[in-house]
Structures are given as structure tokens and as C-alpha cells.
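Here's a quick tour of some side chains in a protein model. Have the sequence and the 3D view open while you read.

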Amino acid sequence: MSYAVKEMFLTLQGEGVNAGRRAVFVRFAGCNLWSGREQDRATAVCKFCDTEFVGTDGLGGGKFADAQALADAVAGFWGEGTTDRFVVLTGGEPMLQIDDAVVEALHAAGFRIAMESNGTIAAHPGIDWVCISPKAGSIVVQRTGDELKLVWPQPGTDIADVETWDFANLLLQPLDDPNADANREACVDMVMARPQWRLSLQTHKLLGLR
């Protein structure tokens with residue numbers, strides 16, 4: 001199987017429990033909740049995506065003929081040393097492309113694998129860190145994992161139902177839109193009222209990182 005990747009780069013994880021950790025980001029092309037075309041945003045399930053995932057023309061992107069080629073590219077971005085190798089598979093929706101071969105090749109290269117998904121496709125059992133960011137209006141089948149990262153506010157989200165899912169960490173992340181200040185306040189208010197949640201900020205944007 002070949003793999004379509006929008007971009008790949010070395011950075012620091014900017015969000016969630018692993019914020020601040022050195023990581024290679026692999027952004028797979030394609031998503032099942034939005035086409036990526038602005039003319040389709042209003043009718044998409046996910047209307048607030050702030051990432052570019054269409055095509056393979058980004059930094060480090062391309063079409064990889066097989067899983068080994070993909071793993072070799074990830075290792076190349078990591079550079080020297082094999083200690084604490086960490087890769088984040090994201091998108092778009094990465095589970096459209098993640099398979100046994102990708103997981104095995106990255107593990108063989110010494111990487112701990114994290115994945116950021118919308119949860120509408122079951123996570124591969126070999127992934128080491130499962131982060132799910134549910135979108136209101138979608139059918140979430142992956143209701144267990146290491147980290148649930150809920151972008152907030154999201155009208156139509158049943159918080160009480162989400163709290164019954166089996167995640168080790170519950171995180172609220174302010175929606176980055178023209179109402180960002182109010183969204184941050186709403187997240188703070190939510191965490192103060194429901195202490196099982198924690199606040200997650202997009203620190204890579206604050207630091208000017210990719």
C-alpha cells in the first residue's frame with residue numbers, strides 16, 4: 001500500500017498531555033469529515049478545521065510507495081540518536097491510511113507512535129498513544145484512549161455523555177476562531193465547573209512553531 005502525506009516535519013508537540021515533547025509530525029492527506037475545500041465547509045460535519053490536509057505538496061510531504069519508505073523519512077526528520085523517538089500521526093484523518101505495515105515499520109525504527117484522530121474509525125491497536133478529538137454531529141466509535149481533546153465550544157456536544165467514555169485524560173481546547181478570547185473564557189469556566197477536565201492550549205502557535 002502507498003501513503004499520501006501532506007507534510008512531515010520535526011517540531012515540539014504543541015497540544016495536550018505531550019505538549020513540549022520533541023516529535024516528528026506526519027500529516028496524512030484526506031479526511032472523512034470535510035473535503036478540505038472552502039466551498040464545502042458550510043455543509044461539512046467538521047466546520048472549524050484550521051489545518052491544510054489536501055494534496056501532498058507540503059514540507060516533507062509526498063506519496064510514499066510503502067511503509068518502509070515512510071518510516072525511513074520519519075527517521076530522517078528525527079535525525080541522530082534513537083532515544084525517546086516520538087512520532088505523531090495526524091491529518092486530516094490518519095486512520096484512513098494507518099495500517100499494520102505503518103505501525104510495524106515505525107516501531108521497528110524505534111518510534112513511540114501517537115495518533116490524533118476524530119474517532120470515527122477505530123484506532124489501530126498497535127498505536128501507543130491514542131488522542132481523540134470528537135466533532136459534534138459525527139459518530140464516534142473510538143471511545144477509549146489516552147487523551148480526549150475536545151475543541152470548545154462545540155454546539156451539539158453532550159458533555160455528560162462524553163464524560164462516560166474511557167479516556168485517561170480529558171482536555172478542553174479553545175476553538176481558534178474570531179471569538180478566541182470568549183472561547184478561552186468558556187474553557188476556563190468549564191474546567192472550573194467540571195474539574196475532571198484540564199485546559200489545553202495550542203502552544204505551538206504561541207511559540208511560532210509549525
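Predicted model: local features only at pLDDT ≥ 70, side-chain atom pairs only at ≥ 80, totals over all residues.

Let's start with the rings: the count of aromatic pairs comes to three. One of them is F9 with F25, a stacked pair with 5.8 Å from centre to centre and 15° between the planes. F9 belongs to strand 1 (residues 3–12) and F25 to strand 2 (residues 22–28), so this pair links distant parts of the chain, 16 residues apart.

Another pair is W78 with F111, where the planes stand at 90° and the ring centres are 6.0 Å apart, so the geometry is edge-to-face. W78 sits in helix 1 (residues 67–78), while F111 is in the loop between helix 2 (100–108) and strand 5 (112–117), so the pair ties together parts 33 residues apart in sequence.

| Residue | Relative accessible area |
|---|---|
| F9 | 4% |
| F25 | 9% |
| W78 | 6% |
| F111 | 3% |

Now for the arginines. W78 has R22 lying over its face, 4.3 Å from the ring centre. R21 puts its charged end over the ring of F86, at 4.0 Å from the centre.

Last up is T90, found in strand 4 (residues 86–90). T90 counts as buried because its relative accessible area is 6%, under the 20% cut-off. Its side chain makes a polar contact of 3.4 Å with the side chain of E116. Beyond its neighbours within four places in sequence, T90 also touches residues including F25, V26, R27 and F28.

Technical notes:
Residues numbered from 1 in each chain as written. Heavy atoms only, no water. Helix = DSSP H or I, 4+ residues; strand = E, 2+ residues; numbered from the N terminus. Buried < 20%, exposed > 50% of the residue type's maximum accessible area, 1.4 Å probe, protein only. Polar contact = N/O pair within 3.5 Å; in protein donor to acceptor, adjacent residues only side chain to side chain. Contact = heavy atoms within 4.5 Å. Phe/Tyr/Trp six-rings, centres within 6.5 Å; stacked < 30°, edge-to-face > 60°. Lys NZ or Arg CZ within 6 Å of the ring centre and 35° of its normal.
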